Amino acid sequence: MKEKLLEITSLSKHFGGNAAVSNVSFDVEEEMILGLIGPNGSGKTTLFNCITGYYPLSSGSVRFIGRDITGMKPDKACRLGMVRTWQRVKPLGSLSVLENVMIGAFAKTRSPVRSRNIALERLEMLGMGGLGPKAAGKLPIGLKKKLELARALATGPKLLLLDEICGGLNYSETQELLETIRGIRENGTAIVFIEHDMKAVTGLCDRIVVLKSGEKLAEGLPSEITSNPAVIAAYLGAGYGHA
Amino acid sequence: MTRTLAAIALFTAAAAVLPLFLGDNPYVADIIITMLMMASLASAWNIVGGYAGQFSFGHAAYFGAGAYTTSILLTTGNPGIPLCVAAGVAVSCVIALLTGAIVFRLRGHYFALASIAVAEIVRLTALNLDITGGAQGILVTDVSFGALDMNSKNPFYYAMLFLLVFTLCLSAWLRRTRAGFYLLAIREDQDAAASLGINLYLWKNMALLLSAALASVAGSIYAVYIRFIDTSAVLSLRLSIEIILTTIIGGIGTLWGPVLGATLLVSLAEALRSNMIGAFLVNAGAVSEGSAIGKFLNNNLAHAHVLVYGIITVLCILNLPKGILGMFRRKGSA
């Protein structure tokens, strides 16, 4: 049995009377890739914002590496080893690609030389080796997504939360990125992976959590999820569930 | 880095020998001291406004705190100028912390608004206390410091130059350290910065403290140089705004932008104030002195420098968002 890295217990988030996430619990173990799927508006990104400290929780708790991090600020969570990427990419636009990744690497080292080396290594790993001097704001969307990943990786995370990292990428780019993510896990980083394209996640994930309207609809192995009638109904409409 | 250091060294050397060529011309020396002062203030502002992207509209408070603290100490027994400068820095840092520690908990425009409010509080306090001389201000008679000839312009010229070069070196160094990268990250995107482990609150406060301390030193030197201060000279909102305009017009977030901005704007202000431009137009025959335009120029242009700043700023923001320095640089290279 592997150690639990992230434990989410009855997490709820209300915006006024609107329950964006209600009573969701799941765990992430070390070196696991967990897929978080669900239709648009099912609360995936809200859940990320709650876990990483961008939103205060309405109720529930988040534990990370055995510590209660409920309500902890995002920067502190990052320094503990939990880092996220953004669905709507947030490049540090007027800085260069290399500088963007260096800023991530500074979470691990004060030395500009060492952070530069880490950054170059991460860029190389993602096949962005030649892009270092380019302005981050001028990259096409596919590369901005990869930059998000490179920057997050440079912080040396134990847990990586990827918010639709494949959105906007074409088929071959997606396959390539999924391969990279597999490699990241093999280096010992656990991953929570938001995606609403089920096909992209079933091949990659060890476990899948399905959200619908803010509630946990199902959790299990990819094979269990793809054959779960409730999940099929949520995605394809009720008629298919009984077919 | 070596190129930047070489440029700073070259600038320092050129500025250091400049007084030898000026001869004994106190008018020109005064203008250059003012340029060095505005360049130092704008460079100091640039750390918090240009690098960290937190717009302070109240930097006169730090300048004024340095000037007032120094003047008060000098009139109550002159404990030595270095101590006066240090005390000014301490007072400025307290004011900066009072603002930053509270307002940097929030994001958005709160800091800009609060910085105006705090600067006004400082100004009104100085205007109403006895220790600050109220509306009369403070006249300093004893500014003696060792064997230096304090009636000469030279000590002040070199003091301001030292402050400017120190601020430039500090900015250039910052830009290459983790702290500097963090400030830029905060300017670019606060959510992204936080997600990468950057404590927004801590680093914004650091930037403000550093900036306030440097502005305070400029105020101290100014107070010893001018020997008379009042609230309208050292604590006015106009001064705060001139510091910002100098930076924006020169090139915000760049190392040399504040220096360029100060050189241009101080020259321009002086040309307008002494009505050099009006006289030039009349002498060149462009307008006759007796005409309506000639009279208007003679009577009004001297007071128009803030208006002209405003027009230049609008033109800069519309056409040169990276300032005049940005014109010469490719986009993307900060």
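In the predicted model, helix α3 of chain B is largely enclosed by the rest of the structure, because 16 of its 17 residues are buried. This helix covers residues 59–75, and its dimensions are consistent with its length: at 1.5 Å a residue, the 17 residues should span 24 Å, and the end C-alpha atoms lie 25 Å apart, which agrees. After α3(B) comes B:G77, a residue with a positive phi, near 120°.

Elsewhere in chain B, helix α7 packs against helix α9, which comprises residues 200–226, with the two axes 10 Å apart and at an angle of about 110°. Since angles of 65 to 115 degrees count as roughly perpendicular, α7(B) is placed roughly perpendicular to α9(B). On the α7(B) side the contact is formed by B:A179, B:Y182, B:L183 and B:I186, and these meet B:L200, B:W203, B:K204, B:M206 and B:A207 of α9(B). By class, the residues of this contact comprise eight nonpolar and one charged, with no polar residue among them.

For the partner chain, the overall architecture can be described through its secondary structure, dimensions and contacts. Chain A contains ten helices and ten strands, and its C-alpha trace spans about 55 × 40 × 40 Å along the principal axes. A compact globule of 243 residues would have a radius of gyration near 18 Å, and the value for chain A is 18 Å, which agrees with that expectation. Of the 243 residues in chain A, 45% are buried. Where contacts in chain A join residues at least 6 apart in sequence, 64% of them link residues at least 24 apart.

Note on methods. Residues are numbered from 1 along each chain as its sequence is written. Chains are lettered from A and ligands numbered from 1 in the order in which they are written. This is a predicted model: local features need pLDDT of at least 70, side-chain atom pairs count only at pLDDT 80 or more; totals for chains, interfaces and linings use all residues. Helices (H or I, at least four residues) and strands (E, at least two) are DSSP runs, numbered from the N terminus. The expected span of a helix is 1.5 Å times one less than its number of residues. A residue is buried if 20 or more other C-beta atoms lie within 10 Å of its own, exposed if 12 or fewer, and partly exposed in between; C-beta atoms are placed from the backbone. The radius of gyration is taken over C-alpha atoms; the globule rule is 2.2 Å times the number of residues to the power 0.38. Two residues are in contact if their C-beta atoms, placed from the backbone, lie within 7 Å. Axes are lines fitted to C-alpha atoms, for helices over the stretch in contact, and angles run from 0 to 180 degrees between N-to-C directions. Angles under 35 degrees count as roughly parallel, over 145 as roughly antiparallel, 65 to 115 as roughly perpendicular and the rest as oblique. Ala, Val, Leu, Ile, Met, Phe, Trp, Tyr, Cys and Pro count as nonpolar, Asp, Glu, Lys and Arg as charged, and the others, Gly among them, as polar.
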